[in-house]
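Below is a briefing on side-chain pairing, nonpolar cores, strand pairing and backbone angles in one structure.

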Amino acid sequence: GFTPLFDGRTLEGWARHAAAPGDRRVPDAAIVGRGDTSYLFYAAREFADFHLRAEAKVNATGDSGVFFRAPFEVRRHNRTNGAYLPGGYEAAIGVRSNYPVHTGSLATLELPQMRRGPLEPHRPDEWFRLEVIARGDRLRTLVNGEATADCRDEKRRFTRGHLALQVWGDNITVVRFRTVEIKELPAAPVRERLQG
């Protein structure tokens with residue numbers, strides 16, 4: 001029931017944002033992001049409730065993420081020293097030894113440390129699977145099948161939007177995505193229980 005969003009050869013359906021375009025290529029059947037802070041949006045459509053699966057790999061100094069329910073925009077923010085950020089939620093990607101937020105953590109600019117996942121859920125430069133399940137106000141992540149974050153945004157700040165693959169920092173990140181696929185889910189009941 002999952003629909004591929006990346007065909008393994010091209011960036012069809014994806015779009016760079018003019019304010020932070022970055023360096024994106026597709027060698028060896030993977031989307032490779034590197035260079036300055038940038039965002040590659042899945043611009044073909046928006047998603048509300050879904051189960052996303054991505055196979056990715058990031059280097060030891062890399063800082064990346066998958067933004068979801070994001071508008072197709074990026075803005076400079078004072079809280080990030082003027083760096084560009086989209087709206088929406090972020091499922092973090094990275095295992096930097098000098099930073100306590102690793103792959104599977106969830107955040108949004110409005111709630112910067114929404115939920116931290118465990119440290120080192122995978123090694124640098126090894127393929128891993130990141131899953132994001134967004135249903136109503138409940139947001140969950142898994143890394144290699146293990147639950148990493150499970151939380152709610154009761155204010156429902158973002159209910160629908162695009163996906164965006166992030167490269168963060170000044171030439172410290174090399175991130176690869178070899179699969180990105182999604183399954184849309186039925187809308188959640190207004191009061192879905194957290195343990196369910």
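D7 counts as partly exposed at 31% relative accessibility, where buried means under 20% relative accessible area, exposed over 50% and partly exposed in between, with a 1.4 Å probe and protein chains only. The structure is a predicted model, in which local features need pLDDT of at least 70 and side-chain atom pairs count only at pLDDT 80 or more, while totals for chains, interfaces and linings use all residues. Residues are numbered from 1 along each chain as its sequence is written, and side-chain values use heavy atoms, with hydrogens and water left out.

**Salt bridges**

- The structure holds 12 salt bridges, a salt bridge being a side-chain nitrogen of Lys or Arg within 4 Å of a carboxyl oxygen of Asp or Glu.
- In general, side chains of opposite charge can pair when their charged atoms come close.
- D7 pairs with R9, and their closest N and O atoms are 3.9 Å apart; R9 is exposed, at a relative accessible area of 61%.
- E46 and R160 form a salt bridge with an N to O distance of 3.8 Å.
- E46 lies in strand β5 (residues 38-47) and R160 in the loop between β15 (146-152) and β16 (161-167), so this pair ties together parts that are 114 residues apart in sequence. Strands, here and below, are DSSP runs of E with at least two residues, numbered from the N terminus.
- Both residues of this pair are partly exposed, E46 with a relative accessible area of 32% and R160 with 45%.
- R178 and E55 meet in a salt bridge at 3.5 Å, N to O.
- This pair links distant parts of the chain, with R178 in strand β17 (residues 174-184) and E55 in strand β6 (residues 50-58), 123 residues apart.
- R178 is partly exposed at 34% relative accessibility, and E55 is partly exposed at 22%.

**Nonpolar cores**

- A nonpolar core is a set of buried Ala, Val, Leu, Ile, Met, Phe, Trp, Tyr and Cys residues joined through side-chain atoms within 4.5 Å.
- The largest nonpolar core has 36 residues, of which W14, F50, F68, L163 and F177 touch the most other members.
- β6 gives the most to this core, contributing 5 residues.
- Not counting residues up to four places away in sequence, the contacts of F50 include F68, V132, I133, A134 and L163, with contact meaning heavy atoms within 4.5 Å.
- A second, separate core has 9 residues, among them Y39, F67, A70 and L85.

**Pairing around β13**

- β13 is largely enclosed by the rest of the structure, because 6 of its 8 residues are buried.
- β6 and β13 pair in the antiparallel sense over 7 bridges; two strands pair if DSSP finds at least two bridges between them.
- F50 stands opposite A134 in β13.
- β13 also pairs in the antiparallel sense with strand β14 (residues 138-143), over 6 bridges.
- R140 in β14 is the bridge partner of I133.

**Positive phi values**

- The hairpin of β13 and β14 has 2 residues between the strands, and G136 takes a positive phi near 65° there.
- D125, a residue other than glycine, has a positive phi near 60°.
- D125 lies in the loop between β12 (111-115) and β13 (128-135) and is partly exposed at 47% relative accessibility.
- N171 is not a glycine either, yet has a positive phi of about 60°.
- N171 sits in the loop between β16 and β17 and is exposed, with a relative accessible area of 59%.

How values were computed: Helices (H or I, at least four residues) and strands (E, at least two) are DSSP runs, numbered from the N terminus.
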